[in-house]
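Have the structure open as you read.

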Amino acid sequence: MGNYESMDPKDIRELIRKQVITGPTAGMSKGYTQANLVILKKEHAFDFLLFCQRNPKPCPLLDVTEPGSFSPSLIAEGADIRKDIPKYRIYRDGVFTEEVADITEYWEDDMVGFLIGCSFTFETPLLESGIPVRHIEENCNVPMYKTSIPCQKAGMFEGPTVVSMRPMTPVDAIRAVQITSRFPAVHGAPIHIGDPSLIGIPDISKPDFGDAVTIREGEIPVFWACGVTPQAVAMESKPSIMITHGPGCMFISDIKDEKFSVL
């Protein structure tokens, strides 16, 4: 990862714009909040805002842009959500059609951007407490899974909750619950610990998004609600167009993690 973890968010975003950084952003700009992205046309924006309000665990809102604005001014003045994420996914009528590094040509004047809290934010306090984070150790993307846990419907939007998973010893899992409970703006405490089949995951070695990671003997899977949930919702709800971040490829804000800690 080079020295990306100690770089300022503005510098990381500049490298992303230049397409020097093209992959997952876990561990970059350590101590700064990362965000998931959803972009919709204005006609669908209120329904999605209501969806986030009804589903704060997978979709905790950090910022919403004005219609037509591509600057998330509350969390990163001068940033550009069309260029400052390593990978974007385009969904048309619920179908994932392409993955691109820049969405300038897809941008329309009535689009609204939603920046949603990301669990990468609480990985810094986990690491500082001596709790290993396996996908960072293995230099890959966090594993993410569709579950059988339904989201609360709002307008046209409905679908399953997506979770991210980090394997831990039982002792570390208890401590992780305590630590992440302090960060409700970035998914908060886990929503499930242990047997994946109880939340509809048939095979832990085959994530729906991201990469599989090693689960060592004596470890248990710990699952957090995930901001990739809107991508699963897009597939089910089928808005005419939805643009999202590529899984694991986040927007890095200028806001320190501590701002979103409740303790």
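Zero salt bridges are counted between domain 1 and domain 2. A salt bridge here is a side-chain nitrogen of Lys or Arg within 4 Å of a carboxyl oxygen of Asp or Glu. The model is predicted: local features need pLDDT of at least 70, side-chain atom pairs count only at pLDDT 80 or more, and totals for chains, interfaces and linings use all residues. Residues are numbered from 1 along each chain as its sequence is written, and side-chain values use heavy atoms, leaving out hydrogens and water.

**The domains**

- Domain 1 covers 9-119 + 236-257, and domain 2 covers 120-229. These bounds come from an automatic or database domain assignment.
- The domain centres, taken over C-alpha atoms, are 20 Å apart.

**Where they meet**

- In domain 1, 35 residues are in contact with 37 residues of domain 2. Contact means heavy atoms within 4.5 Å.
- About 2,900 Å² is buried between the domains, and carbon and sulfur atoms give 63% of it. Buried area is the accessible area (1.4 Å probe) that two parts lose on being put together, summed over both.
- Phe51, Lys57 and Ser119 lose the most area on the domain 1 side, together 24% of what that side buries.
- Between the domains, 15 residue pairs are in polar contact, both residues at pLDDT 80 or more. Such a contact is a pair of N or O atoms within 3.5 Å; within protein, one must be able to donate a hydrogen and the other to accept it, and residues adjacent in sequence count only if both atoms are side-chain atoms.

**Salt bridges in the whole structure**

- The whole structure has 13 salt bridges.
- Asp84 pairs with Arg17, with the closest N and O atoms 2.5 Å apart. The two residues lie 67 residues apart in the chain.
- Asp84 is buried at 0% relative accessible area, while Arg17 is partly exposed at 33%. Buried means under 20% relative accessible area, exposed over 50%, and partly exposed in between (1.4 Å probe, protein chains only).
- Asp80 and Arg82 form a salt bridge at 2.8 Å, N to O. Both of these residues are buried.
- Arg216 and Glu137 meet at 3.8 Å, N to O. They sit 79 residues apart.
- Arg216 is partly exposed at 44%, and Glu137 is partly exposed at 45%.
- Shared partners join Lys10, Arg13, Arg17, Asp84 and Asp254 into one salt-bridge network.

Key
Helices (H or I, at least four residues) and strands (E, at least two) are DSSP runs, numbered from the N terminus.
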